[in-house]
Amino acid sequence: MGIGQLMRWQWEGYPRYHQSRVNLLIHIVAVPLFLLGTVTLVVAVVQLSLVLLAVAIGCIVAAVAGHRLEPVPPEPFSGPLNFVSRLFLEQWVTFPRFVITGGWGAALRKLRDS
């Protein structure tokens, strides 16, 4: 599956896989933490800093949480490349798009009203 197809697939299924209030709240904190971690990872490599590398890895690992709380579990990964592609696209593209387009707020309101 190419990047365009993966982005489309991920976007179309996003509301289905994000129905847990707790997971939505985790995402609003964890995604910026992941973004900070990946930027810090690049800086750590450029500066050859083990301290920054440890901080970056800590941010990334801490950010990958919450999906076990969902009533619909995510699709299994087909391999390491699929894992990395889906993870980075969700964090850098799909979730920010979900927030910006109002999907995150709508999902929270729907849970509150039900």
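Mentor: This is a predicted model. Start with phenylalanine 95: its relative accessibility is 3%, and buried means under 20%, so phenylalanine 95 counts as buried.

Trainee: Is phenylalanine 98 buried or exposed?

Mentor: Phenylalanine 98 has a relative accessible area of 4%, so it is buried too.

Trainee: Where do phenylalanine 95 and phenylalanine 98 lie?

Mentor: An α-helix has 3.6 residues a turn, so residues three or four places apart point the same way. Here, both phenylalanine 95 and phenylalanine 98 belong to helix H4, and they are three residues apart, about one turn of the helix.

Trainee: How do I describe a pair of aromatic rings?

Mentor: Give the distance of the centres and the angle of the planes. The whole structure contains five aromatic pairs. In one of them, the ring centres of tyrosine 14 and phenylalanine 98 are 4.8 Å apart and the planes stand at 65°, so this pair is edge-to-face. It joins distant parts of the chain, with tyrosine 14 in helix H1 (residues 3-17) and phenylalanine 98 in helix H4, 84 residues apart. Phenylalanine 95 and phenylalanine 98 also form a pair, a tilted one, with 6.5 Å centre to centre and 45° between the planes.

Trainee: Which residues form one aromatic cluster?

Mentor: Trp11, Tyr14, Phe95 and Phe98 do.

Trainee: What sits over the ring of tryptophan 11?

Mentor: The charged end of arginine 97 does, 3.9 Å from the ring centre.

Notes
Residues numbered from 1 in each chain as written. Predicted model: local features only at pLDDT ≥ 70, side-chain atom pairs only at ≥ 80, totals over all residues. Heavy atoms only, no water. Phe/Tyr/Trp six-rings, centres within 6.5 Å; stacked < 30°, edge-to-face > 60°. Helix = DSSP H or I, 4+ residues; strand = E, 2+ residues; numbered from the N terminus. Buried < 20%, exposed > 50% of the residue type's maximum accessible area, 1.4 Å probe, protein only. Lys NZ or Arg CZ within 6 Å of the ring centre and 35° of its normal.
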